[in-house]
Amino acid sequence: MSMPITWLYVPGDRPERFAKAAASGADVVIIDLEDAVDAARKDEARENAVRHLAARDAGAGPAFHVRVNDLATRRGREDLRALADAPGLDALRLPKVDSADDLAVVDEAFGDRPTVAHALLESARGLANVEAIAAHPRVAGLALGEQDLAAALSIGLESAFDQLRLRVVLAAAAAGLGPVPMSVHPDVRDEAGLIASCAHGRGLGMFGRTAIHPRQIPLIRAAFRPTPEEIGRAREVVDAADRAGLDGVGALALPDGRFVDAPIVTKARGILALADRIS
């Protein structure tokens, strides 16, 4: 599938919500076995996830990921073993990844099955080792667990996260991974705050966002759609490149005096494709 824009969490102990989550318009549904589930119901949540994945038509509808429990715990390892044979699992979401060595338990459980994982960085150690984590062959994406980081690092300023976000964006790009999605916006009623936050994340090179409620899905999609001004500039660049036959090399001057080269044309084509997709 193309790059996900929206990722929706659904608690693993609420199986009646799985189909609703799949119908929400989210690109990825994340069945959560970790934070959203009470300790007394975690075994039940795991069974629900495995049952649903075994029954779903893999490849139809949104992708299904599962966020397992902490890999350093017995429960996390049991989650992996239970999911290793689930045919409808598209990817794992791994909390509290502190180093590339943490993924050894995934390799042990899944063996040769090429299931990919998205690593959540929620500690100082995880951030310190982000390049090695990103380079692990099973890792397909990175994300920040910002609420956990805020507690672990005593961060009180929203702006303080920007350095951490940029570091993860850079590590993902250097490893050839997809763009880094934004962390959840915890206040589902704060629509203006969600939209403003998405715009800020776009400016940092992040793309897409996880959500905790279906009502956030259309807002996130709209927030990551290129603006009319961006679309207009991109169309101008692409049209000029097509007229000039610019294909991979060289540069050209636009009527307003701006020079554009092949990377700018590639970016412009991506903007138009994204606009078409989200519209």
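**Ser197**

I looked up Ser197 and found it in helix H9; helices here are DSSP runs of H or I with at least four residues, strands are runs of E with at least two, and both are numbered from the N terminus. Before going on, I noted that this is a predicted model, where local features need pLDDT of at least 70, side-chain atom pairs count only at pLDDT 80 or more, and totals for chains, interfaces and linings use all residues. I also noted that residues are numbered from 1 along each chain as its sequence is written, and that side-chain values use heavy atoms, with hydrogens and water left out.

Is Ser197 buried or exposed? Ser197 is buried, because its relative accessible area is 17% (buried is under 20%, exposed is over 50%, partly exposed is in between, with a 1.4 Å probe and protein chains only). Its side chain makes a polar contact with the side chain of Arg209, at 3.0 Å. A polar contact is a pair of N or O atoms within 3.5 Å; within protein, one must be able to donate a hydrogen and the other to accept it, and residues adjacent in sequence count only if both atoms are side-chain atoms.

**Asp27**

Next I checked Asp27, in the loop between helix H1 (18-22) and strand S2 (28-32). Asp27 has a relative accessible area of 12%, so I wrote it down as buried. Which backbone nitrogen does its side chain reach? That of Ile5, at 2.7 Å.

**Positive phi**

Most residues other than glycine have a negative phi, so I looked at exceptions. Lys96 is not a glycine, yet its phi is positive, about 55°. I found Lys96 in the loop between strand S4 (91-94) and helix H4 (104-110), and it counts as partly exposed because its relative accessibility is 30%.

Ser154 also goes on my list, with a positive phi near 55°. Ser154 sits in the loop between helix H7 (146-153) and H8. Its relative accessibility is 66%, so it counts as exposed.

**Rings**

How many aromatic pairs does a search of the whole structure find? It finds one. The partners are Phe207 and Phe224, edge-to-face, 5.7 Å centre to centre with 70° between the planes. Rings of Phe, Tyr and Trp (its six-membered ring) pair if their centres lie within 6.5 Å; planes under 30 degrees apart are stacked, over 60 edge-to-face, and the rest tilted. Phe207 is in the loop between helix H9 (191-203) and strand S7 (209-211), while Phe224 is in the loop between helix H10 (216-223) and H11, 17 residues apart. I found both Phe207 and Phe224 buried.

I also saw Arg93 over the face of Trp7, 5.5 Å from the ring centre (the rule: NZ of Lys or CZ of Arg within 6 Å of the ring centre and within 35 degrees of the ring normal).

**Largest pocket**

I ended with the largest pocket, about 670 Å³ in volume. On a 1 Å grid over the protein atoms alone, a pocket is an open set of points with protein on both sides within 12 Å along at least five of seven lines, and lining residues have an atom within 4 Å of a point. Grid points are joined across faces, edges and corners, and the volume is the space filled by probe spheres set on them. Of the 30 lining residues, the closest to the centre are Arg202, Glu230, Lys267, Gly270 and Ile271. H12 gives the largest share of the lining, eight residues.

Terms used. On a 1 Å grid over the protein atoms alone, a cavity is a set of points where a 1.4 Å probe fits but cannot get out, and a pocket is an open set with protein on both sides within 12 Å along at least five of seven lines; lining residues have an atom within 4 Å of a point.
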